[in-house]
Amino acid sequence: MANQEQPSASEQTLDRDCTTLSRHVLQQFKTFSPEAQDLSAIMNRIALAGKLVARRLSRAGLMAGTLGFTGEVNVQGESVKKMDVYANEVFISVFKQSGLICRLASEEMDKPYYIPENCPIGRYTLLYDPIDGSSNVDINLNVGSIFAIRQQKGEDLDGAATDLLQENGREQVAAGYILYGPSTMLVYSLGNGVHSFILDPSLGEFILSQENIQIPDRGPIYSTNEGNFWQWEESIRDYTRYVHRHEGYTARYSGALVGDMHRILMQGGVFLYPGTVKKPEGKLRLLYETAPLAYLVEQAGGSASTGTEDILDVIPDKLHARTPLIIGSKEEVKLVKSFIDDRARRDSQSAVMASQS
Ligand code: P6P
């Protein structure tokens, strides 16, 4: 280096362009331990999956048989997009021979996919939503992939990953998402801060763009599908009326969780997908949607709640368990919960008065 004290601008740029995802993961660990090596390799495979999905998305409109529906309905009861199937298979393909993973659990598969015995078996489980927000795919709007990594600890004797039904989201060892937008961005955490990377297609590498992202304590954005207002609990309606009547709030909603979540992470605010009177558990899935995002947001200084408990404290009762989601800036989540607590207090007071009359 020409000047030992102050690297030149070009040296700084070169150093940044050399801060790839795998180097960054290893820097998170003090020692070059087997765990560090495994997680670095896992993140590298996830990055490869992201590149393959991004490549397909960028040309989807030009490739026959890429867009549209398969005609199938998945375990969630949702119509399956061809991109859902492709992306699901991408993650399986990039991990099958890796020796890092023992099984993959996906929104698109009723049961987990177990790495075949003729392949090297690892000791981690990948939980993922291969394409989240796939309704946006055919109209060229942002979609995302969400992932979480857990160590397999218990015995998975029945082939239904019931060991995953004994632990909460604080057992995740890594989580993140890939946002397929104007640029392809990977955001992840190993429990030591939240960091973002941007895919440089000319290098084929995810290059560090921001370290230790902190979500603002407050923010003007509330992100929810107000078309569901008629189905919501009164407490959520109370919150919605409040933000309608008070200056300083603005609504943003894309119909794709990863994009909406990324906006909240970067600018502050709150994303809500509450339960409804008929479906109090809501729509979003715990193991590969709400728990990974809650892990990230708590790492960034925010919070994530079902409305009555922290998302990261929820233990699933089944693989595709769902939870309501209120996630984002600490103060904004607290505001939503204040309406829930207030309504619960009034309901219990009414019940007491009714029992006394
Ligand atoms: P609604 C996409 O199907 C998804 O799972 C999330 O990406 C998104 O936030 C939500 O559902 C959108 O649901 O009911 O508003 O269309």
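Guide: Contact here means heavy atoms within 4.5 Å. The model is predicted, so local features need pLDDT of at least 70 and side-chain atom pairs pLDDT 80 or more, while totals for chains, interfaces and linings use all residues. Residues are numbered from 1 along each chain as its sequence is written, and side-chain values use heavy atoms, without hydrogens or water.

Helices (DSSP runs of H or I, at least four residues) and strands (E, at least two) are numbered from the N terminus. Helix α5 (residues 234-245) packs with helix α8 (residues 330-356) at about 130°, and their axes lie 8 Å apart; axes are lines fitted to C-alpha atoms, for helices over the stretch in contact, with angles from 0 to 180 degrees between N-to-C directions. In α5, Glu234, Ser235, Ile236, Asp238, Tyr239 and Tyr242 meet Leu335, Val336, Phe339, Ile340, Arg343 and Arg346 of α8. Of these contact residues, seven are nonpolar, one is polar and four are charged (Asp, Glu, Lys and Arg count as charged; Ala, Val, Leu, Ile, Met, Phe, Trp, Tyr, Cys and Pro as nonpolar; the others, Gly among them, as polar).

Elsewhere, eight strands form an open, mixed sheet in the order β4-β3-β5-β6-β7-β8-β9-β10, where pairing requires at least two DSSP bridges. Strands β6 (residues 143-151) and β7 (residues 172-180) run antiparallel, joined by eight bridges; Val143 has Tyr180 of β7 as its bridge partner. Helix α7 (residues 286-299) packs on this sheet and makes about 100° with β7.
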